[in-house]
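Please work through each task before reading its solution.

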Amino acid sequence: MDKMCEEILFPFRPKWRKVAYGGMQPGYDDNYTDESFLEGMVMNVNVVKRDLVKVMKDSISISQYLCIVSLVVCVWTCTLESNISEASLLILDVGLLGSGFLVLLLTAKKLSIRLLCNYLLNISFFISGLYILAPIYHTLTRSISSDSIWALAASLLVLHLFLHDYAGSTIRPPGALTNPTLTSNISLNASIVASVLIASRLPSRLQVFAIVLFSLQVFLFAPLITYCIKKYSFVLHLLFSFGLMVVTLGFVFTLHRLLFVLLLSLLVFVTVICPYWLIKIQEYKFEINGPWDEAKLCFDITE
């Protein structure tokens, strides 16, 4: 009926054609569309079909870093309870530093002697600065109650885990330029502040120096080491991750049974349940594309 009315009212009007940016055409309304308008409509053309095993493998990086942070918290707890001596902490720091350089040497494709010497020089300045600042860290929170320190440190660790770059998009091989994002900077700063807060409750300055050095080694260099291992061999990455999970669960089990159950449940949730959940909710993905102009949001935080 509508077409008949249009033909009676506009018997000699030109054939409608699609004009970019809504150009006006005589005899047609702005929102007019002909019968062929929806012929170009497609559904879910940009939706990526995910595989459960692939998603589970990708989620292992998250579980791996959860174990790393859990090990750091375990070392903090043992140090605060005087179960780890100053000498043991210093040996642990040297061992972590040596093993980290060994991994870089074995996995890095381009690592020159000049770059290695530059790393050693920077780390020497870094360690010297920490040793000089240890007395300041030791008395930093003397006027603050311990309960406030524990609550603040726990909140900062949760913030660190929430904003951490698990995909490694801001990590580059040794010698390459990095472009850290705002969230990765906030995550790193939160972990450093939490480390300093915990160290300030220790009785001796040497313990403060050792625990801060240990924490910063883990939070600063662990993402780079795990990135290098993953790029070198994905199988080695899986073996390292599962070995780390076993060691972490065993360590936590000796400290507290309830925390062991919570950590195990969290690892299962992240590695198994979340990937399965993602695959299932993908069935409800509904995306329509067509010949119309689609709005695309672009955000540039650098401007």
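**Exercise 1.** Determine which helix gives the most to the lining of the second largest pocket.

*Solution.* Step 1: a pocket is an open set of points on a 1 Å grid over the protein atoms alone, where a 1.4 Å probe fits, with protein on both sides within 12 Å along at least five of seven lines; lining residues have an atom within 4 Å of a point. Step 2: helices are DSSP runs of H or I with at least four residues, and strands are runs of E with at least two, numbered from the N terminus. Step 3: α2 (52-80), α5 (146-163), α8 (234-255) and α9 (257-281) each supply at least two lining residues. Step 4: α2 gives the most, with eight residues.

The model is predicted: local features need pLDDT of at least 70, side-chain atom pairs count only at pLDDT 80 or more, and totals for chains, interfaces and linings use all residues. Residues are numbered from 1 along each chain as its sequence is written, and side-chain values use heavy atoms, leaving out hydrogens and water.

**Exercise 2.** Describe the lining of the second largest pocket by residue and class.

*Solution.* Step 1: 23 residues line this pocket, and Val69, Ser70, Val73, Leu157 and Leu259 lie nearest its centre. Step 2: by class, the lining has 19 nonpolar (Ala, Val, Leu, Ile, Met, Phe, Trp, Tyr, Cys, Pro), one charged (Asp, Glu, Lys, Arg) and three polar residues (the others, Gly among them).

**Exercise 3.** State the order of elements in the protein chain.

*Solution.* Step 1: the chain has nine helices and two strands. Step 2: from the N terminus, the order is α-β-α-α-α-α-α-α-α-α-β.
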